[in-house]
Amino acid sequence: MSEKALIETRDLKQHFPLRKGLFGGKSQVVKAVDGISIEIPRRSVLGLVGESGSGKSTFGQAVMGLTKPTAGSMTFDGIDMATASSAELRGLKRRMQMVFQDPFSSLNPRMSVAETLGVPLRFHEPQLNGAQRKDRAAEMLERVGLPGQYVDRFPHEFSGGQRQRIGIARALMVHPDFIMADEVVSALDVSVQAQVLNLFGRLQRDLELTMLFITHDLAVVGHVSDFVAVMYLGRVVEIAPTRELFSSPKHPYTEALLSAAPTPQTKNRRQRIVLKGDIPSPLNPPSGCPFRTRCPYALEECAHSTPELREFASGHKAACIRDDLSLASATQQQKEPA
Amino acid sequence: MTKVLTVEDLTISFGTGDSELTVVHKVNFTLEAGKTLALVGESGSGKSVTSLGIMRLLSPSQSRVQGKIVLHSDEDIDLLSLSESRMRRLRGDRIAMIFQEPLTSLNPVYTIGDQIIEAIRSHRRMSKRNARQRAIELIDQVGIPDAEHRLGTYPHELSGGMRQRIMIAIALALEPDILIADEPTTALDVTVQAQILELLNRLQEETGMAMLFITHDFGVVADIADRTIVMYAGEMVEEGSTETVLERPLMPYTSGLMRAVPKLETAGLKEGDLESIEGFVPHPDNRPTGCSFHPRCTHALAGTCDVPPVPIEDAGDGHLVRCKRWKTLQEAAE
Amino acid sequence: MAAATEQIQTNSKLRFFESRTLRRFVRHRLAITGLVMIVGIGILCVVGPWLLPHDMLDINIRDRFSPPLTDTFIMGTDEMGRDLAARLFMAGRVSLMVGIAAMILSTLIGTVIGLVAGYFGKVTGTVLMRLTDSFLCFPQIFLLLTLAAFLEPNAFMITLIIAVTSWMEVARIVSAEIRSLRERDFITAARISGASHRWIMFRELLPNTIGPIIVAATLTIAKAILLEAYVSFLGYGIQPPMPSWGNMLNNAQQFLDTAPWLAIIPGIAITAAVTSFNFIGDGLRDALDARSDAQ
């Protein structure tokens, strides 16, 4: 990590006011993202994992500049997005692209593949004419594993997996440096999911892309990421190199997630930690550590103050006040029942 | 071992005449009291349609259900030959069902309590008061604290996990013999999914009901099922005890699917590509001849796998596999 | 059957989207009846006057108030002995033209306002939609009569006035449609691609709202024909000697007991045209709504 990180957020916050009642009244604030500082080194993949309501997608949107953060900063290649000039911003936006979750709603049903893939070119490389745009589209289509002659087809002629490839092609049209992938395989069937994950891996290596890979699926995140950040109620509770996180989690929530992830084995099943209750509402988060209401290891002190991320090992940080826990890893096996 | 439901040669098609599409093709299985059978498959495998067919929830004007579905209660009843009104009495009473999205299955304008009480009183002569008492018991049984207070809440006030618990409570209200669960945890977060699976396992132990569990996730299968059927393109391609199917699969599709899922154990190792199954599930109007999986199968042999019929064969101990080459492949593996 | 089959949905349900829409429309009996009637009325109005032996302005004092089917006067004559059939067809040209032109204009206004309001939301959108609502507050017919009383009542003016007072429905439909489309991922994707507002509005959003716009437009023709008839009937619309179905009715009032056909025949023409357009509109709405043949 000697090179400067490509993406850096500092205490990024995204709060949404909720107006209560017809005539205003007391307004509440949803702290969807509540102070996130992360770095994504060049050419590496940061996996962001969390359950619904964790704020992971909101964070992704803030990184992409789709929403204006309430507080904190987001820097891309050393340039602060909030203070960048509009010309600078335009250049930056070309370098940041996104792939979506839903392969059905992410493509305009009324546009052919060539038109869809041509949109980024129209606005970032206006010197190209229609035929050139179409050639580029066909080229990119082959790159993502679809026949180039499919450029004239419409989205409804493709399966979900193929559409997802088209979505990836669109993101790559203007040669970005950074891709934000938001739950890109969760809508796909298992066999197709593997195809798309392999494509992502290959493109990331070949094109030296930096990626933020958002998902709820731990196994997927473990497969694609160099680093993993675990989010809970708008905060990062643990961040570490992937192998490190899976083999020696330091936050009880990470342990619980690892243990709840279903694995297709009938023998030597891992110890299952079933958490109590649901994720608390972000409207009314618990005092102190946001996870304490469901944490099997919570102490009285956990209610007092919100724990900050602290370093447990090199590059491995967790927001837990307890040092004395020895948490189960992804591979730890269950003791034979007595 | 008490059999509670036998499905024989269940075949389901949609549309009529030339445009008739067979979506489920000769499916056979039995459900036993206290046991869970999982139907596993990707989208297009026909697993959900099978469950809707059993419940007779497919529109008779647009679909055709053939075969036999026999419910073994005091007497044997063939569900397909029942009148609609008798079927309606059985539904929810002897056979109950829960779905993937509990929000759409609950009526938003009635309270949770009203809906459970209504479910009970539509099938049982019971006073409002007793039904209410039963509703409280049920809510308690599905692990929701403060049951009495919960009766007055509306569906939208509950989280996804809570709503699924309520659906389970409604399904269990009449102590059915059979619970059909169609992807009940797919829309839930993993930590909540673990809770629901644990709950279903506990309830099954308590009530002795048989469960038909439909899912696409082998991980969930490992947690819940005693026996497993793998479906592909409307056909059963493998059946056996869950342990056999997951640990020693014979059908290349089953093993391929399991290898295609990233493993927690190898997380962060950057081992390169996952083994994927190329192509996609065939459309029912374009089913390959012979083994429906052969165009995607790396072990397919021209002249063998593309020639019908491909019968389902017994590989011993009730382990069924629909693959002409399973013996060869098994020997090669050993 | 949510998870039933991805392929079924993509391949067979959507591949035939356009032709399925057409098939659903063709199967809609009332809509087809409406279409046949409108095409019939249209052809009669265009070709009719040439086929008839009388010009609509020919005055035949001797044949005043001939009932229908007298000699060559198939629909009879009026108080000046002018051929009613010729007048009816010529009036039909005017009424249909006013209806269609008003529809085009009001759909255009409504679409642009709805598009801008739906896309920009916030202040612009709120202001535009409140404006739309305030237009809807006035009873349209009074608004129309007030405007007609102050302006020179010719076909062009009437068209303009009808359009200006009937764009609100289209605007509301379009803005609602745009507001829901705006949240779809493909719009976010276009924004990330660097697309301009104009591109997103006209190339990404608008083509996806064509269906509801067409339905609303068809129903607007019916409404416009009716409005023109009202205004002309009350004497503020198309002025004689140019005939329109509305002013023919106005003229017929005084002879209601002696020559009832003078009122009945244009009345039937208006009813037929208006119901036909309404049937077509309903048929289009059902045909474009893919849910209508879902199980």
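How far apart do the C-alpha centres of domain 1 of chain A and domain 2 of chain A lie? In this predicted model, the two centres are 29 Å apart.

**Contact between the domains of chain A**

Domain 1 of chain A runs over residues 7-232, and domain 2 of chain A over residues 248-338. Ten residues from domain 1 of chain A and twelve residues from domain 2 of chain A take part in their contact. On the domain 1 side, at least two residues each come from β2 (28-40), α7 (218-224) and β9 (227-232) of chain A. Of these, β2(A) gives the most, with four residues.

**Contact between chain B and chain A**

Chain B puts 42 residues into the contact with chain A, and chain A puts in 40 residues. On the chain B side, two or more residues each are given by α7 (160-172), α8 (190-207), α9 (218-224), α10 (242-247) and α11 (252-260) of chain B. The largest share of this side, seven residues, belongs to α8(B).

**Residue classes**

The table lists the classes for one side of each contact.

| Side | Nonpolar | Polar | Charged |
|---|---|---|---|
| Domain 1 of chain A, touching domain 2 of chain A | six residues | two residues | two residues |

The side of domain 1 of chain A that touches domain 2 of chain A has six nonpolar residues, two polar and two charged.

Notes. Residues are numbered from 1 along each chain as its sequence is written. Chains are lettered from A and ligands numbered from 1 in the order in which they are written. This is a predicted model: local features need pLDDT of at least 70, side-chain atom pairs count only at pLDDT 80 or more; totals for chains, interfaces and linings use all residues. Two residues are in contact if their C-beta atoms, placed from the backbone, lie within 7 Å. Domain bounds come from an automatic or database domain assignment. Ala, Val, Leu, Ile, Met, Phe, Trp, Tyr, Cys and Pro count as nonpolar, Asp, Glu, Lys and Arg as charged, and the others, Gly among them, as polar.
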